[in-house]
Amino acid sequence: MAEKRKVIIVGGVAGGASAAARLRRQDEQAEITMYERGEFVSFANCGLPYYVGEVIATQDKLLLANPKLFKDRFNIAVKTRHEVVAVDRAAKTVRVRDLSSGQEFSDAYTHLILSPGALAIRPPLPGIDLPGIFVVRSIPDSEAIRGWIGAHQAGRAVVIGGGFIGLEMAENLQHRGLDVTIVEMLNQVMPPVDPEMAQYVAQHLTDHGIKLALGDGVAGMQTNSAGGLLVTTQGGKAYPADLVILAIGVRPDTALAKAAGLELGQRGGIKVNAHMQTSDPAVYAVGDAVEVFDTILKQWTLLALAGPANRQGRVAADHICGRAASFRGVQGTAICGVFDLAIASTGASEKALQRAQVTDYQVIYLHPNHHVGYYPGAEPIRLKLIFRPSDGRILGAQAVGKADVARKIDVIAMAMQKDGTVYDLEEAELCYAPQYGGAKDAINMAGMIAANHQRHEHPLAAWSELKAPGVLLDVREPSEFTQGHIAGAVLIPLGQLRQRTGELPHDQVIRVYCAAGQRGYYAARMLNQLGFQTQNLSGGYGTYLQLAAAGKL
Ligand code: FAD
């Protein structure tokens with residue numbers, strides 16, 4: 001008879017709890033113990049900013065399960081406030097410290113799953129440990145922030161870091177009535193997306209009263225004369241605050257794995273194979289602590305997201321139970337909401353491609369409505385699609401808007417996971433009724449623009465070629481041109497173009513633009529058929545303004 005499995009899980013939240021529940025579904029006989037050093041298991045980290053903002057009113061809403069439920073429903077032993085402090089791989093035991101009593105004991109395993117998560121980065125800045133400076137990782141962290149706001153009647157907050165947790169915290173602190181400044185070292189918020197797309201988010205934050213201090217790193221924190229805090233920056237600025245949130249990212253918590261002699265990867269995460277096994281086949285690791293393979297850039301990376309952690313927990317459990325389960329890697333599909341705006345992305349950003357020295361890529365921009373314009377409530381979606389001209393394969397997509405952003409990116413994400421091309425997006429059969437989309441959905445449109453470019457029916461100019469020799473042709477109406485145009489552009493409105501082609505040269509490239517790309521497309525098609533060398537500037541003047549504001553032109 002096969003040996004009875006005795007599985008120990010370290011960490012009881014996203015990856016750990018998923019692995020535990022899946023294990024039980026696969027093996028009724030296994031002995032499963034989950035150790036969690038915190039007070040809670042299976043809580044919704046992703047809801048913490050909204051708990052601070054009191055959008056989620058009570059703590060119990062964050063608790064998806066508790067030790068009793070794990071025992072009653074799954075016969076899983078859950079030990080909270082128990083920290084696993086060492087792993088003896090030769091003896092196949094872990095050393096556990098009961099944080100309430102301080103006592104330690106050993107526990108044996110046949111299989112061990114590490115899901116210890118990540119640690120908030122706390123750079124050694126002067127004043128980093130002052131009271132009033134918080135990270136947001138756990139329920140106690142968010143309780144402490146709520147308590148501090150109440151006790152100190154906090155009126156001003158500085159959020160350090162403009163990534164998704166920083167933005168969510170900014171929104172929620174403002175919801176609590178605080179005046180919020182985000183200090184971010186980069187020149188953009190939302191580092192995973194490209195700066196011209198982040199520009200929409202920055203504008204939206206500013207419109208909602210959040211102050212942005214971009215391109216400036218924090219130098220330190222000190223107490224000011226009034227008893228509050230003062231955040232000083234490398235650029236010489238000082239921001240008074242009653243509360244500071246540190247949201248500058250996380251690093252994998254690998255202390256236990258490292259001490260146990262498990263192999264770490266180049267990015268500092270625990271190295272695992274596709275079955276989530278570490279360098280010791282009896283020890284699995286999942287979640288924020290591990291390195292994952294980026295299927296687009298073909299390199300190992302770190303990705304602290306709940307979806308991969310959950311799926312990896314499931315893969316580890318299945319593999320322990322004898323299934324040939326594999327984790328297929330990541331492409332970084334993510335979404336963040338700020339006020340009523342969503343920003344989502346999947347795959348590689350343009351800057352990530354450039355960092356990886358990939359040159360075989362083409363970018364398109366489009367600004368369709370999320371559903372047909374004639375039905376009330378249509379909201380624009382700003383969409384950027386990146387693909388590989390050599391074979392049309394989709395490499396990445398980013399979208400910003402107030403409605404249906406998640407669906408657009410999710411569909412593209414799924415297409416990418418099936419090695420989809422722009423021709424697949426062009427042909428995609430998607431659901432449609434006036435209040436939900438378009439008979440020619442934004443996703444189809446993105447595919448059509450890209451596929452037309454691939455077939456040389458609608459050549460696109462790269463925005464980086466804006467100042468290259470040639471003619472810059474604006475085909476909008478004079479009133480639009482007067483309101484703003486690209487320097488050096490010649491105006492011939494689309495409606496007059498057929499009659500005025502004599503004004504255009506045949507021996508130079510004509511780069512056309514309109515407001516959003518569509519009239520430019522019509523103009524380019526007409527001129528190309530008449531023998532002109534014409535290219536359309538994708539996304540039109542709207543995209544130009546974003547690129548210029550992001551300093552990319
Ligand atoms: P965690 O869920 O962090 O769990 C690790 C647990 O292990 C911790 O509770 C820790 O106490 C415990 N532990 C560590 N070491 C030991 C030890 N030695 N002994 C015992 N216990 C130990 N992701 C999204 O996809 N979308 C979102 O909207 C989103 N929002 C987020 C908002 C916030 C504020 C935070 C903090 C995270 C958010 N995430 C989001 C990220 C997501 O929560 C994580 O990627 C996910 O929880 C990782 O799962 P994990 O199991 O690796 O680690």
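Mentor: Happy to; let's start with the domains, then take the ligand and a pocket. Keep in mind that this is a predicted model.

Trainee: Okay, which domains does the chain have?

Mentor: The domain assignment gives domain 1 (6-118 + 251-320), domain 2 (133-248), domain 3 (340-454) and domain 4 (460-549). The centres of domain 2 and domain 4, taken over C-alpha atoms, are 41 Å apart.

Trainee: And where does the ligand lie?

Mentor: It lies between domain 1 and domain 2, because both of them give residues to the shell around it.

Trainee: Which residues come nearest to the ligand?

Mentor: Gly15, Glu36, Ser115, Asp288 and Ala306 do, out of 27 residues around it.

Trainee: What about Asp288, how does its side chain sit relative to the ligand?

Mentor: An N or O atom in the side chain of Asp288 is 2.7 Å from an oxygen atom of the ligand. Asn45 also has a side-chain N or O atom 3.5 Å from a ligand oxygen. With Ala14 the backbone is involved: one of its N or O atoms lies 3.3 Å from an oxygen atom of the ligand.

Trainee: How much of the ligand does the protein bury?

Mentor: The protein buries 90% of the 1000 Å² that the ligand exposes when taken alone.

Trainee: Which elements give two or more residues to that shell?

Mentor: Those are α1 (14-26), β2 (31-36), β4 (82-88), α5 (164-175) and α8 (306-320). β4 gives the most, with three residues.

Trainee: Switching topic: how much space lies in the second largest pocket?

Mentor: About 500 Å³. It is lined by 23 residues, and the closest to its centre are Met445, Ile449, Gly517, Gln518 and Tyr521.

Trainee: Which domains does that lining draw on?

Mentor: Domain 3 (340-454) and domain 4 (460-549) each provide at least three residues of the lining. In terms of elements, β23 (362-366), α12 (442-454) and α15 (518-529) each supply at least two.

Trainee: Last one: how do the lining residues divide by class?

Mentor: There are 12 nonpolar, nine polar and two charged residues in the lining of the second largest pocket. To put the two sites side by side, the ligand lies between domain 1 and domain 2, while the lining of this pocket draws on domain 3 and domain 4.

Definitions and conventions. Residues are numbered from 1 along each chain as its sequence is written. This is a predicted model: local features need pLDDT of at least 70, side-chain atom pairs count only at pLDDT 80 or more; totals for chains, interfaces and linings use all residues. Side-chain values use heavy atoms; hydrogens and water are left out. On a 1 Å grid over the protein atoms alone, a cavity is a set of points where a 1.4 Å probe fits but cannot get out, and a pocket is an open set with protein on both sides within 12 Å along at least five of seven lines; lining residues have an atom within 4 Å of a point. Grid points are joined across faces, edges and corners, and a volume is the space filled by probe spheres set on the points. Helices (H or I, at least four residues) and strands (E, at least two) are DSSP runs, numbered from the N terminus. Ala, Val, Leu, Ile, Met, Phe, Trp, Tyr, Cys and Pro count as nonpolar, Asp, Glu, Lys and Arg as charged, and the others, Gly among them, as polar. Domain bounds come from an automatic or database domain assignment. A residue is near a molecule or strand if one of its heavy atoms lies within 4 Å of it. A polar contact is a pair of N or O atoms within 3.5 Å; within protein, one must be able to donate a hydrogen and the other to accept it, and residues adjacent in sequence count only if both atoms are side-chain atoms. Accessible areas come from the Shrake-Rupley method with a 1.4 Å probe; for residues, only the protein chains shown count as cover.
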